[in-house]
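Please find below my notes on the model, as numbered points.

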Amino acid sequence: MFETLLDSSYFSLFLIIALGFVLGRIKINGLSLDVSAVIFIALLFGHLGVIIPKDIGNFGLVLFIFTIGIQSGPGFFDSFRSKGKTLITITLLIVGSACLTGVGFKYLLDIDTPSIVGLIAGALTSTPGLAVAIDSTHSPDASIAYGIAYPFGVIGVILFIKLLPKVLRLDLVKEAKSLEEKRKGKHPELHTASFRITNPLVYNKTLAELHVRAMTGAVISRIKHEEQIAIPTAQTRLQEGDLIKAVGNSKSLDQLTLLVGKRVEDDLPLSSTQELQSLLLTNKELINKSIGHLNMQGTFGCTVTRVRRSGIDLAPEPDLVLKFGDKLMVAGEKEGMKELVQFIGNDEKRLSDTDFFPIAAGIVLGVIVGKLNISFSDTFNFSPGLTGGVLLVALIVSAIGKTGPIVWSMSASANQLLRQLGLLLFLAEVGTSAGVNLVDTFVNSGWTLFAVGLAITLVPMFIALGFGYYGFKINILDLLGTIAGGMTSTPGLAAADSMSDSNAPSVAYATVYPIAMVILIIFIQIIAKFVI
């Protein structure tokens, strides 16, 4: 009966996932495999003859990669600008050292070229690389060598990533907090302060005439003239002895002190007709519009004092472009606030709802892009492949944020659920596929090619560790993502992703993966053509 049940791919799939979670929760010296354990159970089931259909694996792959791209897109271009050169250099070292290791063993052990390019593609778990290797050599030896190197290419990267923080004695939770603090450090913390108008140069001048926002960077949220507290407008005039309350970083508040007079301890409470609210931007029509363009002060008599995005408080500069889900801290008159709430949206349900059209449309576009074949010459063609196409589209659309009525985003909970589901389906299929011929390939093709494949997998990761961690001093979370991306290992990213709540590994992976894929394809074609 049990054998009959195993013939059902759905039963086998969820049995592999269930057993994988059981194995993943076992800790030895504080180390556990987490979700990565699914692939080890899948390898065993594959060896026993259980097969999970390839389409299920591809379905899981596109879900996992698309959600990674959607989450990483907004930070991808910032990461590329700030860390791009370093991460690309490490990626070149990873792919280059893998190819050099393969070529070195070719001459040392007299291995044929088709087998070497197959080993390189398998050690870096690159299906596009295998396709290029077969196309370039026209030999079945490339696919046989790929099959020998592939299992350790998957397992080796997972184990390396899992063990590395332990070997280096690093606490990834602390590293994630440190990285988050650095990220927040790029956006100085905002404070509130009160000021007395004592500078004669500003008496009887309007805020517009003084260019307060441009001159200081601070936002004046309210003003007290005599006994009257009001929400200021551009035409509000400053009088001697007035009290104002402002929001800004330390530097902007110091600049405001120089402009208007002196800082005081007095507070300016809101009057009975005024209120301070935190509003969620859920009106799709306002996405990608700047604060200045919306002119909320002039239209509703309300002043935006800060914008909170991804856990960071941003200064409400006029040119700050708003994103779906931004939290706007707004001060204003109650009547105007009611209208502003309708204008902004402030609908938590809409924020948490999952719109499947952008997901489906994005994946469709990604699959189409992955099918594109770019020809540079008669001998060199490049296609992004399924993974590259979906990742590229997801990164671009999530960075754009909105196209017409389509909002390219999803809630954090929906992203996490779809990512986990996709990952589990992908790992189960990849593991069973690799496990089918695991023993036979060793028996029939010998251990020599396996040992070479193992070296091609390990050498680049140790080089990345040496140059990345000890040379460039990059954060361990960035390094883990870069190693996974440079090795074109989606299971490796899954291992890194499960080790902390930080999205730094995903961003680094998304930054280098397309580059690694292109470089590997070029190098394989060069080796196949010129290395004899």
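How many of the 11 residues of helix H5 (residues 113–123) are buried?

1. Basis. This is a predicted model, in which local features need pLDDT of at least 70 and side-chain atom pairs count only at pLDDT 80 or more, while totals for chains, interfaces and linings use all residues. Residues are numbered from 1 along each chain as its sequence is written, and side-chain values use heavy atoms, with hydrogens and water left out.

2. Helix H5. To take the opening question: 11 of the 11 residues of H5 are buried, so the helix is largely enclosed by the rest of the structure. Buried here means under 20% relative accessible area, exposed means over 50%, and partly exposed lies in between (1.4 Å probe, protein chains only). Helices (H or I, at least four residues) and strands (E, at least two) are DSSP runs, numbered from the N terminus. The buried residues of H5 include Thr113, Pro114, Ser115 and Gly118, as well as Ile116, Val117, Leu119 and Ile120. After H5 comes Thr125, with a positive phi near 45°.

3. Five-stranded sheet. An open sheet of 5 strands runs in the order E4-E3-E6-E1-E7, with antiparallel pairing. Two strands pair if DSSP finds at least two bridges between them. Strand E4 (228–230) and strand E7 (261–264) are the edge strands, and each pairs on one side only. From one strand to the next the twist averages 25°; axes are lines fitted to C-alpha atoms (for helices over the stretch in contact), and angles run from 0 to 180 degrees between N-to-C directions.

4. Strand E3 and its partners. Of the 7 residues of strand E3 (residues 219–225), 5 are buried, so the strand is mostly covered. E3 pairs antiparallel with strand E6 (residues 243–248) over 5 bridges, and Ile220 has Ala246 as its bridge partner in E6. The E3 and E4 strands form a hairpin with 2 residues between them, and Glu226 in the turn has a positive phi of about 60°.

5. Strands E1 and E7. Strand E1 (residues 191–197) and E7 run antiparallel and are joined by 4 bridges. Ser194 has Val264 as its bridge partner in E7.

6. Four-stranded sheet. Another open sheet has 4 strands in the order E8-E11-E9-E10, with antiparallel pairing. Why is one side of strand E8 (274–280) and of strand E10 (312–314) left without a neighbour in the sheet? Each stands at an edge and has a single partner strand. Neighbouring strands of this sheet are turned by 25° against each other on average, direction ignored. Strand E9 (residues 302–309) and strand E11 (residues 327–333) run antiparallel and are joined by 6 bridges, and Thr303 has Ala331 as its bridge partner in E11.

7. Nonpolar cores. A nonpolar core is a set of buried Ala, Val, Leu, Ile, Met, Phe, Trp, Tyr and Cys residues joined through side-chain atoms within 4.5 Å. The largest has 115 residues, and Leu164 and Ile476 have the most contacts inside it. Helix H4 (residues 54–109) gives the most to this core, with 16 residues. Apart from its neighbours within four places in sequence, Ile476 is in contact (heavy atoms within 4.5 Å) with Leu164, Leu168, Leu170, Leu172 and Glu175. A second, separate core of 20 residues includes Val304, Leu320, Val330 and Met337.

8. Aromatic pairs. Rings of Phe, Tyr and Trp (its six-membered ring) pair if their centres lie within 6.5 Å; planes under 30 degrees apart count as stacked, over 60 as edge-to-face and the rest as tilted. By this rule the count comes to 6 aromatic pairs. Phe300 and Phe343 form a tilted pair, 5.2 Å centre to centre with 40° between the planes. This pair links distant parts of the chain, with Phe300 in helix H13 (residues 296–300) and Phe343 in helix H14 (residues 334–344), 43 residues apart. Phe300 counts as buried at 13% relative accessibility, whereas Phe343 is partly exposed at 26%.

9. Further rings. Tyr509 and Tyr513 form a stacked pair, 5.3 Å centre to centre with 25° between the planes. Both lie in helix H23 (residues 504–530), 4 residues apart, about one turn of the helix, and both are buried. Ring pairs also link Phe152, Trp447 and Phe450 into a cluster.
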